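Me: I am new to this structure and would like a quick tour. Please show it first, then take my questions one by one.

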Amino acid sequence: MPYAIAIIRYRRPLDEVVANTDDHRAYLRTLRSTGTLLASGPFDPRTGGMLLLRLPDEGTTAALDAVRDGDPFWQRGIAQYELLPWNPTIGGEGLDALT
């Protein structure tokens, strides 16, 4: 099963990030409910965050673009995304078991 890491870096001041965080997290909950998002959270210090994603076997590039494009942070120019397909060689079986 393909995986990816999305690194999110804020492009706007933290007060603008905070003002949009509820919408961003609501979007992430939809990704979680479909099994696309395995884990997420902000960096410390809060300069951005990271998503651990499970992708479909086919169309992984399009799936990654859709994750980014659906995020209110991206849509509103709050943050930029770095999308990194990832092939875990150690511990992958544990990721496969996550729901």
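Me: Which residues does Phe 73 touch, not counting residues up to four places away in sequence?

Reply: This is a predicted model: local features need pLDDT of at least 70, side-chain atom pairs count only at pLDDT 80 or more, and totals for chains, interfaces and linings use all residues. Residues are numbered from 1 along each chain as its sequence is written, and side-chain values use heavy atoms, with hydrogens and water left out. Contact here means heavy atoms within 4.5 Å. By that test, Phe 73 touches Ile 8, Tyr 10, Val 17, Asn 20, Thr 21, His 24, Ile 78 and Ala 79.

Me: Which residues have the most contacts inside the largest nonpolar core?

Reply: A nonpolar core is a set of buried Ala, Val, Leu, Ile, Met, Phe, Trp, Tyr and Cys residues joined through side-chain atoms within 4.5 Å. Buried means under 20% relative accessible area, exposed over 50%, and partly exposed in between (1.4 Å probe, protein chains only). The largest such core has 20 residues. Those with the most contacts inside this core are Leu 51, Leu 53, Val 67, Phe 73 and Tyr 81.

Me: Is Asn 20 buried or exposed?

Reply: Asn 20 is found in helix α1. Not counting residues up to four places away in sequence, Asn 20 touches Phe 73, Arg 76 and Ile 78. Its relative accessibility is 13%, so Asn 20 counts as buried.

Me: In what order do the strands of the open sheet lie?

Reply: Two strands pair if DSSP finds at least two bridges between them. Here 4 strands form the open sheet, and the pairing is antiparallel. The edge strands, β2 (37-42) and β4 (79-86), each pair on one side only. The order is β2-β3-β1-β4.

Me: Which residue in β3 stands opposite Ala 39?

Reply: Strand β3 covers residues 48-54 and runs antiparallel to β2. The two are joined by 5 bridges. Opposite Ala 39 stands Leu 52.

Me: What angle does the direction of helix α1 make with that of β2?

Reply: Axes are lines fitted to C-alpha atoms, for helices over the stretch in contact, and angles run from 0 to 180 degrees between N-to-C directions. Helix α1 (residues 14-33) packs on the sheet, touching β1 (3-10), β2 and β3. Its direction makes an angle with that of β2 of about 170°.

Me: How many salt bridges does a search of the whole structure find?

Reply: A salt bridge is a side-chain nitrogen of Lys or Arg within 4 Å of a carboxyl oxygen of Asp or Glu. One of them joins Arg 9 and Glu 82, with the closest N and O atoms 2.9 Å apart. The search finds 5.

Me: How many residues apart in sequence are the parts tied together by Arg 76 and Asp 23?

Reply: The side chains of Arg 76 and Asp 23 meet in a salt bridge (2.8 Å, N to O). Arg 76 is partly exposed, at 44%, and Asp 23 is partly exposed too, at 36%. Arg 76 lies in the loop between α3 (72-75) and β4, and Asp 23 in helix α1, so the parts they tie together are apart by 53 residues.
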